[in-house]
Every structure is written in C-alpha cells, then in structure tokens.
Amino acid sequence: MHMLVCGGTGCRASASDMLYENLSKEVQEQGLQEDVQVVTTGCFGFCEKGPIVKVIPDNTFYVSVEPGDAREIVAEHAVKGRRVERLLYVDPVNKEQIADSKGMGFYKKQIRIALRNCGLIDPENIDEYLAADGYEAMGKVLSELSPEEATQEMIDSGLRGRGGGGFPTGIKWQIASKVPADQKYVVCNADEGDPGAFMDRSILEGDPHSVLEAMVINGYCIGATKGLIYIRAEYPLAINRLKIAIKQAREYGLLGKDILGSGFDFDVEIRYGAGAFVCGEETALIHSMEGERGEPTFKPPFPAQSGYLGKPTNVNNVETFANVPVIYNKGAKWFASIGTEKSKGTKVFALAGKINNVGLIEVPMGITLREVIFEIGGGIKDGKKFRAVQTGGPSGGCLTEKHLDTPIDFDNLLAVGSMMGSGGMIVMDEDDCMVSVAKFYLDFTVEESCGKCSPCRVGNKRLYELLDKITKGQANKEDLDNLRNLSMVIRDTSLCGLGQTSPNPVLSTMDNFMEEYLSHVEDQRCPAGSCKELIRYEIIPENCVGCTACARNCPVNCISGERKQLHTIDQSLCIKCNACLEKCKFNAVAII
Amino acid sequence: MTSIKLKLKESDVQQLKKVAKSFNNEPGELINVLHKAQEIFGYLPAEVQEVVAQELNVSVAKVYGVVTFYSFFTMLPRGRYPISICTGTACYVRGAEKVLDEFKRLLKVPVGETTPDGKFSITCLRCVGACGLAPVVMVGDKTYGRVTTDGVKDILKEYEDVE
Amino acid sequence: MTKIKSLADLKKIKGDLQSKISLREKSDTPEGRVLVKVAMATCGIASGSKEVMEYMIDELEKRSIDAIVTQTGCMGYCYAEPTIEVSLPGSEPVVYGYVDTKKADEIIEKYIRNQELVDGIIPVNYQTIEKDKEE
Amino acid sequence: MIKLTIDNRTVEVEKGTSIYHAARKLDIEIPTLCYMNLGDLKIEHKPGGCRVCVVEVEGRRNLAPACATECFGGMEVKTHSIRVLNARKTVLELILSDHPFDCLICAKSGNCDLQDMAIKMGVRSIPYQGEKSTYKPDFSPAIIRDMDKCIMCRRCETMCNDFQTVGVLSGVNRGFEAVVAPAFERDLDHSECTYCGQCVAVCPTAALTEVDHTTQLIRDLADPAKKVVVQTAPAVRAALGEAFGLEPGTLVTGKMVAALRRLGFDYVFDTDFAADLTIMEEGTELLDRLTRFLGGDKEVKLPMLTSCCPGWVNFFEYHFPDMRDIPSTARSPQQMFGSIAKTYFADKIETHREDMIVVSVMPCVAKKYECTREEFKVDGNPDVDYSISTRELAMLIKRSNIDFNTLPEEDFDKPMGESTGAAVIFGTTGGVIEAAVRSAYEIHTGKSLQRIDFEQLRGIEGIRSASVDFDGVEIRIGIAHGLGHARKLLDDIKAGKSNYHAIEIMACPGGCVGGGGQPLHHGNPAIIKARQKALYQEDVNKPIRKSHENPAIIKLYEEFLGKPMSEKAHHLLHTHYFDKKQKDVLLD
C-alpha cells in the first residue's frame with residue numbers, strides 16, 4: 001500500500017510536511033514499514049482542499065487532512081482496511097461522499113483534446129500516433145464523406161479558431177471552399193508570438209501528426225492540395241519533429257499523391273518566420289511567406305478570396321488544427337457537448353507567472369478563472385495575494401478579483417475587456433504594479449508594431465511614453481484623460497488586429513485598477529512598490545544587526561556603517577537595484 | 001556609408017549561391033534564403049544581402065527592408081557566446097529585467113551589442129516557450145532556467161576558461 | 001516503409017500496433033517490460049531531460065533491467081521539469097517530476113526494481129478522451 | 001449598382017467602388033494623406049496606412065478607412081460624426097507629434113498636404129508629445145531626403161518600385177523606427193537612384209524635395225562679371241502658369257521669357273533649339289543604323305533607343321549596362337545646349353566659358369544630376385552649370401516681386417532661342433520620336449510629308465507601338481514612359497522578342513510634362529494630360545514644325561559643326577555610357 005501525501009506548495013502551507021512525518025512515524029510504530037510506504041507527491045491541483053492524501057491501490061482520496069489525522073488513517077485504513085469516512089471528499093453538488101478519486105468531478109476540470117497525445121506518445125514515431133487512432137479521421141473523411149459533408153461536420157462542431165480571434169472554423173472553411181480557383185492553400189499558423197503562450201510549440205513538439213492530419217482534411221474540404229506550415233524559427237525542436245513527421249507520413253503515403261486510395265493529393269511544406277509578432281495576423285503571415293515584409297493589408301479581400309500568391313487560402317492555427325481529427329473521430333455532436341453555448345470544446349492555457357503550477361492545461365470552455373488559478377494552478381506562489389490575471393497576451397487585458405468567477409469563453413472574456421487570445425494566462429500578485437504591467441505590454445507592442453499605420457506606429461509609442469511618465473510620477477490627471485482617449489482612438493482606427501487590440505492592457509488596467517493609476521499620479525506613489533522612481537530603500541534600525549551583508553553587496557557602495565553598527569543608505573547614490581533587500585537576512589531593508 | 005567593403009569567403013559565397021539555386025532563385029523564397037545565409041555567415045552584413053539580392057533578382061533595398069523587419073535577422077556579428085535573455089511576460093513578472101540589468105552591468109555592453117573581445121553579445125528575445133523555468137536565459141543553444149541576479153556571474157564563469 | 005493504401009489498411013495497421021503496445025504495456029507476466037517515457041519538449045530539454053534520458057538508457061542496461069525508454073512531448077507540468085513517466089507491467093503509469101540523475105537512480109532502484117513509490121510523484125489531474133470513449 | 005447613404009444622402013455606385021469614391025460623387029471630399037490615384041497611368045496606391053480617411057459605418061465595430069473599404073448595398077456611412085472627427089484629429093495629432101514644427105521655413109510650406117490637413121482640422125496643440133524620429137539628412141546632387149518629415153504614406157515607394165521598377169526605396173525597420181530608405185539607409189548618392197524625381201513629385205510633405213539652386217542663381221545674376229544664359233525646356237511653358245493660379249495646360253511661353261528677362265538673365269534661350277539639334281544628330285544616327293541594317297549589316301544594333309532623358313540614361317546604366325551600346329549616343333538637349341553655348345555662342349559674344357553661367361529651367365530633377373556628370377565638363381567647368389526646376393523658377397519669380405500674370409509676351413533671344421514645333425513636343429511622351437520621324441522621313445525619302453501629325457505615336461498608354469511607312473519600308477516604333485514600362489521593352493529586346501527599329505523612352509509618366517520638377521499635380525492625372533495638350537497646340541502654332549528646317553540649326557552646321565555626326569559634332573554633341581551595376585562581391 002502507498003500513501004501519497006501532497007507536497008505541493010499549497011498543501012505544504014497547511015502543514016503537509018508534518019502530516020508526512022506523522023504518517024511515517026505511525027507506520028513505523030505499527031510496524032507496517034514492509035507493507036505501507038509514505039511518499040510525497042507534487043501538487044494534485046486541488047489546493048483548496050489540501051492537504052491531500054491519496055491511498056493506492058484503492059484510490060481513496062482524503063481531503064483537508066491535518067497532521068493529527070495520521071494516527072487514525074494508519075490505524076483504520078492501513079491496519080483494518082476501513083476508509084476514514086469523515087476525511088472523504090464531499091461532492092458539492094449532490095453532497096455525496098466520494099471515496100474513489102476517479103469519480104471526482106474535479107478531475108473533469110481538465111479534458112485533453114488538443115493535447116490528447118502530448119506526453120503520451122513518441123512524437124518521432126508515427127506508429128505510436130497510428131495506434132492512438134492517428135489518421136483515422138482523415139481516412140474516414142477521404143473515403144466516406146464528401147467535402148461538403150466534411151465541412152458541415154466542422155460547422156456543426158462549433159469549433160472556433162484558437163489563435164485569438166475565435167472565428168468559426170467550419171464557416172471559414174466553407175468560405176474558402178466556395179471560391180473557385182485552380183490552386184488553393186491550407187496554411188497552419190505556427191508563429192506563436194504571444195509572450196507567455198507556448199501551447200502551439202508543445203503540440204508541434206508532442207503531437208505533430210495531429211496537425212498534419214487536420215491539414216489534409218482541411219485541404220480536402222476546401223479543395224486545396226498544398227499545405228504550408230508557417231513556424232517560428234525560434235522553435236528548432238518543433239521544426240525538427242515536424243520534418244520527421246512529414247517524412248514519415250509521406251513514407252506511409254499519408255501525405256502525397258492519392259492518399260489512402262481516395263484520389264486526393266495533398267502535401268505539406270514548412271515556411272519559417274523570422275521574429276515578428278505581427279505575422280500572427282493572417283495577411284501579414286501570408287506576405288511573410290511570400291518573402292515580403294510582414295505588413296498586414298486591409299481586409300477584404302480575405303485570404304479565403306485572395307491569399308498566398310493571390311490564391312484562396314485558409315489559415316488556422318496549430319491548436320485549432322489539433323482539435324480537428326478528434327471531431328471527426330468522435331463526432332461533431334460529442335465535441336459540441338463540451339463547453340458553453342457559443343464556445344465549444346476545450347482551450348489550452350499556458351499558466352505562468354506568480355502561480356505554483358506553471359504549465360499547460362486544457363480545460364473545457366466555461367470553467368472559471370478561479371478554478372484554473374486556485375485549483376488547477378495551485379494558487380499564488382509564496383503565499384502572496386492574488387492581484388490580477390492577464391489573458392490574451394498583448395491583445396488582452398488584466399482581470400481582477402471580481403472576474404474570477406467569470407466562465408471563460410470567447411465572448412465573456414471580450415465582454416470584461418480582455419480576450420481569449422492564444423491562451424497565455426499570466427498570474428500576478430501584490431508585488432506587480434499594474435501600470436508597469438500595462439507599460440510592459442506597450443513596450444512589446446511598440447517593438448512589434450509593423451509601422452504601417454499611423455495610430456499603431458505613433459500612437460502606441462505615445463501610449464508607452466504616457467505610461468512611462470506615470471510610472472515616474474511625472475504625470476497629471478490630464479495625462480490620464482489623454483491616455484484613455486488615445487487608447488480608444490488607436491483601437492478604433494488601427495489597420496490590423498495588433499493595433500486594434502494593443503490598447504487593451506491599458507484600458508483594462510484603467511478600468512480595474514484606476515486607484516493604482518491615481519496613486520502614481522496624485523501621490524507619486526507606487527502601491528506595489530515596484531516603480532523605481534517612486535520608491536526608496538530604507539534600513540529599519542530595530543532590525544539591523546550590522547552584519548554588513550547589504551553594504552558588501554551594494555554595487556554602487558551607497559550603504560555605509562561599521563560592523564555591528566546601524567547601516568544607512570545614501571539615497572542620492574542608490575540605484576534601487578534591490579540587492580540589499582535580497583541579501584538582508586534580518587528583514588532590515590524595506591521599500592518605502 | 002562604409003567605404004571599406006567586407007571581403008567574403010569565396011566558398012561561403014558559393015554555398016550561398018547554391019542555396020539560392022536550391023530555391024529556384026525565386027524572389028518569394030527571400031526569407032528562407034536569408035535564414036540559410038545567416039546560418040552560413042553568422043549574420044547578414046550588407047555584402048551578403050547584396051549577393052542575396054543579386055541571386056533572387058530583387059532590389060537590395062527590398063532585401064534590407066525585409067532584414068530590418070524581422071528581429072531574427074541581424075546585421076551585426078554576434079559574440080562567440082550569444083546571450084539571449086527571454087523577456088516574455090512570464091519571465092518579466094519573474095524578474096527578467098533584473099537579470100538583464102545584471103548581464104549589462106557585468107559585461108558593460110548594452111542590449112544588441114557585443115563585448116569588445118567578441119566573446120559575449122546580449123540580446124533580448126520574446127518567449128522561448130519555457131515559461132515554467134522563468135526567468136530564462138540562453139547562451140548559444142544552452143538554456144538556463146530560474147536564473148537569479150546572483151546566478152548571472154555563475155553563468156558567465158562557465159565561459160571564462162573555455163577559450 | 002510500405003504505403004498505406006486504404007482506410008481498411010490503416011485500421012488493420014492500427015489494430016496490430018495497438019495490440020503490440022498493449023502487450024508491451026499491460027502484460028502482467030514477468031516478461032512484461034518496463035516502459036519509461038521522458039518528456040522531451042523544449043522546456044524539458046532545457047532543464048536536463050536529455051541527460052536524464054541518456055542516464056536511464058545506460059543505467060537500465062547496465063543493471064540488466066529489461067526496459068524501453070522513449071521520448072515523448074510535454075506532459076504539461078512545466079514547473080516540475082524534467083518529468084518522466086514510468087509504467088511497470090500490470091500497474092498504472094506513474095509520473096515523476098524534478099528528475100535528475102540522482103532521482104533517476106532512486107527511481108530505478110526503488111520503484112522499477114521493488115515497486116516502491118518514490119517521493120516526487122506528479123498526480124495526473126486530467127481526463128483523456130480515450131477514457132471517455134470506453135464509457 | 002449599389003445604393004448606400006453617406007451623411008444621410010443617397011448615392012448609387014458600381015460594385016467595387018470605395019467609400020472614398022462614392023463620397024466624391026456627392027462632392028464630399030474625405031481627407032486622405034496616403035491615398036493616391038493616378039487614373040490613366042494605372043497607379044492606385046491605397047495602403048490604408050495614414051488612417052486619416054476613417055469614417056463610421058453603421059454596424060461596424062471600428063472605423064473604416066474610406067479609401068480601402070468597398071461599398072455594399074444599404075451601407076450607412078458618416079464622414080463627420082463626432083467619433084470620426086475626434087479620431088481623425090487625434091490621428092493627425094499623432095502624425096504631427098512625430099513631425100518637425102518648422103513649417104515657416106520648410107521647402108514645402110504652402111504646398112504641403114500635411115499642413116493643409118492641419119489647417120483643415122483646426123489643430124491648435126499637440127497633446128501627445130514625445131520622442132521624434134530623427135534621421136541624417138541626405139543631400140544627393142538632385143534630391144534631398146529629410147526623413148524627419150516622412151509620414152510613411154509610402155507613395156514614393158510605389159512610384160520607385162512598382163511604377164519605375166528602380167527599386168531604390170523600401171520600407172525599412174518597423175514600428176516607430178519604420179521609415180522609407182535606400183538599402184542600408186545609405187545616401188541616394190550611393191544607391192541606384194535614377195533621380196527621376198517621381199518620389200519628389202508625389203511626396204505629400206518635404207521629406208523628399210529637389211536640391212535648391214535658386215540662391216546660387218541669384219548670386220550669379222548679381223555678378224557683373226558673369227554672362228548668365230538660361231535655357232528653358234519645352235514642358236516648362238505648359239506648367240509654369242499653374243504656380244500662378246492659371247488653369248493647367250495654359251501656355252505661358254511669352255510671359256516666361258519676359259519673367260526670365262526681368263530676373264536679369266543676359267540671354268534667354270530655349271532648350272527647344274537644342275531639341276532640334278538633337279533630332280539632327282539622333283535622327284542621322286538612326287538613319288545611319290537603319291540604312292546599314294537594311295543593307296544587311298549584322299553588326300548594327302537595333303532598335304535604337306532615345307537618350308534625351310537623364311533618368312532613363314541612369315536607369316540603363318544601372319540596370320541594363322550590358323545593353324548600353326543600343327541607345328543613341330546623342331547627348332540630351334540640355335547638354336547639347338550647354339556644349340554649344342559655351343563654344344559656338346561664347347565665341348560669338350567673345351566670352352570665355354569660365355565667365356559664362358549656363359542655367360537650365362527643367363521640369364526635371366534628374367537634370368540637376370546630369371549637369372554634374374564628369375563627361376559634360378571641360379577642365380572641370382560644366383557645360384551646364386546647374387539646373388533649376390519649374391517650381392524653383394516660379395518661386396524665384398514670386399520672390400522678385402514680378403506679377404507674372406500681367407507680364408507682356410516676349411520672344412526668346414537669338415540665335416539659340418529659335419526652334420520648331422518638332423522640338424516643343426519633346427516635352428510629352430511620343431514627342432521625341434514623332435519629331436525624329438518627321439525629319440528622318442523627309443531626309444530618307446527626299447519627299448515632303450503630307451501630314452505632319454503622327455497621331456499613332458501620341459497617347460498616354462504606358463507602352464505604345466506604331467509603324468510608319470518610309471516610302472515602302474515599314475519602320476516599327478515603340479514608345480514607353482515610366483521606367484517600369486521601359487523595363488518591359490528592354491527585357492523583350494534582351495530576350496530577342498523585340499522587332500522595333502526605334503524606341504522612345506521617358507522616365508516620367510506622360511513624359512517631361514509629368515516630370516519630377518513640375519508644379520505638383522497632387523495625384524491628379526488630368527493635369528498631366530492638359531499639359532500634354534498644350535504642347536501639341538504650341539506645335540501647331542509654330543510656323544516651322546520640322547527640326548531640319550530650323551534656320552538657326554542650319555546656320556549652326558554651316559558655321560560651326562559641318563554636318564551631323566561630323567567629328568566636331570561627335571566631340572560636342574555625343575557621349576558614352578557607363579556600367580554602373582553593383583559590382584560583384586569582394587572575395588577573400
């Protein structure tokens with residue numbers, strides 16, 4: 001028998017290490033060390049009910065276990081084989097006790113559709129993909145469905161583009177299918193440029209065939225025989241695995257001429273991006289593939305009408321494609337049963353920032369931010385306070401406490417001033433200054449703007465400068481009005497999605513954290529203590545023991561004081577590098 | 001304008017011409033050819049861009065326009081140990097800026113430049129997709145995760161004696 | 001490699017592959033082999049999964065344990081990289097996080113040889129669609 | 001047809017019409033900065049970049065650029081709602097926040113689209129101040145680039161790359177740093193720029209202007225030791241009036257001469273004189289090549305290309321150097337004029353060339369560069385000292401308190417002011433070749449032309465071809481204006497697909513009438529056509545319409561040159577071309 005004790009940060013905060021010790025002691029005392037083994041594990045993603053103990057092989061799941069419960073668990077469960085009823089999880093809906101973790105609804109928080117094979121199969125071995133139903137959807141579509149029927153299935157599934165815009169995938173295919181042309185193209189957008197999102201990279205590295213299979217299906221539906229994958233050159237591993245996958249699929253005849261005897265030809269080539277965020281926009285992406293500067297052009301014409309080399313082109317992103325084979329294998333109806341009314345299926349999020357379980361998760365649409373952050377994500381790092389969660393990358397917004405129970409889907413996020421985006425989810429804590437966060441995103445947009453249209457080229461620069469002024473305590477209230485007006489105009493007048501959404505980080509932080517802006521402007525104060533110009537470092541006399549650690553580590557030698565004497569900081573020299581605070585073991589340095 | 005023209009190695013130029021040919025000297029393959037050119041020469045000085053323009057029959061201005069549009073392309077030679085600091089959001093909120101400052105302080109060069117001995121260069125890059133390890137620093141192909149300001153000098157130390 | 005010529009062909013190949021894999025993974029018999037999967041995505045490799053994989057291959061062979069070590073993609077537990085999944089014949093796969101060569105040695109000695117779980121297990125917290133399919 | 005409403009007024013337009021054009025049908029002028037439509041010349045530039053033309057479309061989330069948005073049935077458009085006005089003004093303020101505020105002393109003051117827009121929008125302050133882009137100004141012999149004033153409309157790029165296929169300019173860098181520049185942001189002087197000046201002609205601000213020689217000219221005019229001679233190109237007289245509020249296409253030859261005299265030039269001559277001379281030389285060369293060709297000489301190079309356009313000469317020197325033996329070796333009229341003025345005429349008035357200043361008034365920017373070519377200098381002294389544009393002349397007239405419109409009509413001085421109708425039409429596309437045909441026909445056949453007007457050679461199409469019957473011999477003629485069109489003809493020649501005997505090439509749209517030095521047409525092609533018409537009118541008005549009948553030219557040959565293509569003529573009136581193609585890389 002094994003007793004697994006959660007050693008995740010959340011559970012450790014509620015004394016799981018003592019629980020572990022107690023359990024081990026009990027096992028020892030009862031002389032069960034031969035039969036019962038106590039081990040710690042990583043986070044179960046259920047921190048709210050921590051600490052957690054799971055007993056296997058019977059999969060009993062104890063929640064909110066205290067160190068004092070150790071004796072009873074060992075005595076009852078290990079010795080007598082009886083579960084400790086009072087520690088079992090109670091289903092919040094039907095109020096029933098659940099013993100077996102497999103029946104717990106909480107495990108349904110994550111469903112892996114797009115990530116179904118990631119971490120399970122060897123991405124460099126096509127046989128493993130084939131054994132996992134690989135290319136079966138393609139086979140079915142090519143031999144049993146007409147292009148119209150296959151497209152209809154996609155429409156019925158309700159799948160929406162996972163790259164950010166959320167346009168219905170089936171409809172997109174249908175439009176491209178109806179434009180007559182001698183040559184059409186299927187393009188996979190793998191230019192994942194959103195800082196903090198890496199699901200596309202993971203899918204390509206973990207399950208490249210699923211994307212290839214979907215592209216063939218897409219080609220069949222719209223009448224394209226050529227596929228192009230536009231991938232960031234910064235993803236060498238993904239590129240390599242894609243190349244291997246393409247080679248293997250060709251060898252099996254799953255790409256190339258007359259696929260599975262259907263008479264349908266389709267092949268895939270790789271094109272490389274070269275580091276331009278704006279190339280995530282489909283017209284810019286197409287120009288880049290044509291060897292041009294990746295500047296977007298006005299739509300219409302849409303790529304479905306005139307895309308790569310002027311031919312009808314359908315562009316979907318990696319995650320969208322990764323969903324496609326499953327939809328045909330399990331049916332549009334099944335897919336549409338997951339998620340919310342207007343957003344079907346699941347979404348992959350890259351959880352990052354000040355959160356315990358940084359990682360990739362895939363959740364059904366409609367789950368709340370709270371569930372994602374505090375349950376799956378294991379809560380905030382180092383026991384700090386949750387401050388904001390940023391979704392949608394540079395196009396999205398910062399959401400706060402009051403949005404935590406908003407069900408996540410395309411429309412809800414848009415309604416609260418953010419965006420689904422490609423699925424980056426960055427969690428921030430009390431030490432993060434929201435004005436600086438907005439500035440960080442604007443810095444990104446300024447650097448990534450293509451410069452073609454004036455509002456984005458000049459406007460974002462001015463937004464950045466205004467924010468910079470605020471973080472330096474040099475702004476007045478009129479600047480705040482200008483900041484808002486400028487944001488609205490940039491949103492209203494920019495040529496492409498990049499400019500149209502770039503003010504979102506500003507607008508959402510202004511909406512949700514206005515008091516923080518006002519502190520900077522009216523009191524020249526940064527509540528999070530992160531704006532260098534608005535803070536100073538002081539030594540707290542009561543705590544200083546004169547260990548000289550701060551003085552020794554100060555890069556500009558602005559701390560003076562004899563050994564065992566109170567130290568002082570010369571504010572005129574201090575560069576606010578934070579070294580003294582990091583080095584002080586006595587909490588004697590503080591940010592004022 | 002620089003009056004001294006850089007001399008390119010003939011074998012490198014031949015290789016570049018071969019690459020262009022393998023792409024059928026198609027103007028549309030400009031970016032692919034530039035990627036290969038950067039692999040061959042390590043960077044894309046004006047002289048290399050002129051060869052590319054000639055081989056693909058596009059204007060040099062266009063080649064330069066494309067090179068300066070994409071951040072992956074560089075016209076300056078990188079250090080023998082190019083240091084890239086990820087400044088994606090995850091790394092940013094976990095202190096990438098301080099790590100960057102420390103590199104700049106220790107190497108005494110700004111972002112985008114190379115130390116006078118040609119050993120190190122500093123660049124910033126956007127999200128390598130290793131957010132779990134934030135903040136992330138890459139030196140050449142090697143990735144360092146969870147880098148602290150203290151860790152910076154240890155990273156540099158690794159390259160102290162290799163030459 | 002021979003080309004797959006039809007959907008029926010494809011299904012047959014899939015059947016063969018699946019039974020081969022299940023024989024390898026699910027077999028209770030002592031002949032069943034240990035299967036180790038190492039998450040080898042960018043973040044895994046960056047935190048040293050390559051070294052772990054090499055170590056596993058070498059050590060399992062040195063210690064005469066009949067095992068297959070393969071690579072796989074990102075398991076999603078980026079905070080705990082490198083991660084590996086170990087499947088012993090007849091038992092559920094177990095995922096270990098923060099694996100370095102020292103930990104790998106412990107896993108070989110304790111878990112693979114003696115079926116004793118080792119600290120550092122990452123509980124799997126999602127449902128797969130295959131599971132759903134069986135229902 | 002599609003019905004829509006704009007500002008609550010209904011309008012019916014064809015499918016595919018943009019909101020901008022639909023509004024114009026209702027006389028609603030939506031402001032634009034980057035949009036440019038050169039109609040017949042088939043250049044439409046609508047990058048949708050400036051965002052000044054945004055309008056509100058009912059049901060649409062954001063504002064739509066009027067220039068690039070197509071109308072649809074039932075569309076409701078508002079061009080001046082408060083949302084639109086605020087957005088448009090804010091966008092303009094943003095553009096201005098990255099633009100120098102030196103309007104008072106700017107070369108384009110009073111003639112600047114951005115300034116006009118600021119006036120129209122009533123901009124009184126710039127709330128969004130911040131970093132401004134700064135670039136090193138680039139002074140080439142003909143064009144000045146001051147990119148601090150660039151608003152990224154990218155019109156110059158379209159002209160340089162798409163229309164002229166010269167490919168010197170490209171958008172470089174990105175975001176706030178983005179700007180239009182030659183490769184490696186080098187100076188134009190170090191690029192393959194032909195100085196055609198079409199970029200200057202379409203630039204809405206003073207980012208691209210011509211090199212200004214007016215100050216030098218004023219100084220020279222005031223110098224009693226200098227004899228200052230001026231020559232005016234044919235296209236100038238058809239456009240100069242525009243600068244004084246006259247209708248495009250008003251001929252102002254007489255007033256122009258009067259103005260030049262009042263400015264203090266010692267001799268007011270006409271480039272047309274040299275144009276007639278060009279026909280004598282170039283026509284003879286053509287006939288010579290033709291005769292040899294028809295006689296079976298395999299060595300002879302045909303077609304012969306004209307060589308009077310300096311932009312065009314630069315173009316083939318950079319882009320087709322291996323074909324530099326095809327164009328006529330005849331110098332351009334400007335240079336023939338300079339050469340004769342500083343020899344034949346200098347002797348006549350007993351002046352040393354060092355004491356003579358030859359100035360040209362040209363519709364052209366490339367002429368400024370042509371003056372500086374080493375091969376057109378004698379011991380460092382240039383045949384033509386410098387060239388001023390039509391625009392510079394207009395400015396000079398205004399500066400000198402001359403009321404242009406009330407000036408009397410005066411005649412050019414003799415002898416170098418005498419010219420024919422054939423010379424006048426040099427200023428339009430098709431004119432040079434028509435003039436050449438008029439003379440070549442008569443010289444070749446010995447017969448007198450029945451009809452002087454060769455309508456088949458006229459027009460505005462980019463590439464035209466025609467054939468002329470030379471008494472039983474069919475002479476096939478090609479005409480191209482715009483270097484992009486020229487490139488097509490050259491590619492054909494290179495591929496052996498060309499069967500022309502002679503080709504006329506002009507770098508600018510419409511020929512010199514659409515030159516880079518003319519009063520700005522602000523993208524209105526009707527202006528170019530009106531100027532063209534005026535030149536054909538002047539031709540008809542001339543008593544002599546064939547170059548070889550110009551008495552002053554006949555006298556010049558008698559007294560000085562001997563006969564066309566004589567050794568002296570060769571020395572003074574012909575030139576050779578250089579291979580300026582980018583040399584191969586240096587190898588280590």
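Predicted model: local features only at pLDDT ≥ 70, side-chain atom pairs only at ≥ 80, totals over all residues.
Biologist: How should I read the open sheet of chain B, and what is its strand order?

Modeller: A strand order lists the strands as they lie side by side. In chain B, an open sheet of 4 strands has the order 2-1-3-4, and the pairing is mixed. Strand 2 (120–125) and strand 4 (142–144) of chain B are the edge strands, each pairing on one side only. On average, and with direction ignored, neighbouring strands of this sheet are turned by 20 degrees against each other.

Biologist: In which sense do strand 1 and strand 3 of chain B pair?

Modeller: The pairing of strand 1 (residues 81–86) with strand 3 (residues 137–139) of chain B is antiparallel and spans 3 bridges. One residue pair to locate is B:Ser84, whose bridge partner in strand 3 of chain B is B:Met138.

Biologist: Which strands of chain B does helix 6 lie across?

Modeller: Helix 6 (residues 96–107) of chain B lies across strand 1, strand 2 and strand 3 of that chain. Its direction is at about 155 degrees to strand 1 of chain B.

Biologist: Let us turn to helix 1 of chain B. How does its reach compare with the expected span?

Modeller: Helix 1 (residues 10–22) of chain B has 13 residues; from first C-alpha to last it reaches 18 Å, close to the 18 Å expected at 1.5 Å a residue.

Biologist: Which residues of helix 1 of chain B are buried, and which exposed residues are on the face turned away from the buried side?

Modeller: Burial is judged by counting neighbours, with 20 or more other C-beta atoms within 10 Å marking a buried residue. In helix 1 of chain B, this applies to B:Val13, B:Leu16 and B:Ala20. They lie on the same side of helix 1 of chain B because they cover an arc of only 60 degrees around the axis. The face turned away from that buried side carries B:Ser11, B:Gln14, B:Lys18, B:Lys21 and B:Ser22, which are exposed. The cover over the buried residues includes helix 2 (30–41) and helix 3 (46–56) of chain B. After helix 1 of chain B comes B:Asn24, with a positive phi near 60 degrees.

Biologist: Which pair of chains has the most contacts?

Modeller: An interface can be described by counting the residues on each side. Among the 5 pairs of chains that touch, chains A and C have the most contacts. Chain C gives 41 residues to this contact and chain A gives 54 residues. On the side of chain C that touches chain A, the largest share, 8 residues, comes from helix 1 of chain C. By class, that side of chain C has 22 nonpolar, 13 polar and 6 charged residues.

Biologist: Which strands of chain A and chain C pair?

Modeller: Strand 7 (residues 111–112) of chain A pairs with strand 6 of chain C in the parallel sense, over 2 bridges. There, A:Arg112 has C:Thr128 in strand 6 of chain C as its bridge partner.

Biologist: How many residues of chain B are in contact with chain C, and how far apart are the closest C-alpha atoms of chain C and chain D?

Modeller: In the former case, 8 residues of chain B are in contact with 7 residues of chain C. The side of chain B that touches chain C has 4 nonpolar, 4 polar and no charged residues. Chain C and chain D are joined by no contact, and their closest C-alpha atoms lie 29 Å apart.

Conventions: Residues numbered from 1 in each chain as written. Chains lettered and ligands numbered in written order. Pairing = 2+ DSSP bridges. Axes fitted to C-alpha atoms, helices over the stretch in contact; angles between N-to-C directions. Contact = placed C-beta atoms within 7 Å. Expected span 1.5 Å × (residues − 1). Buried ≥ 20, exposed ≤ 12 C-beta atoms within 10 Å, placed from the backbone. Arc of directions from axis to C-beta. Nonpolar A, V, L, I, M, F, W, Y, C, P; charged D, E, K, R; others polar.
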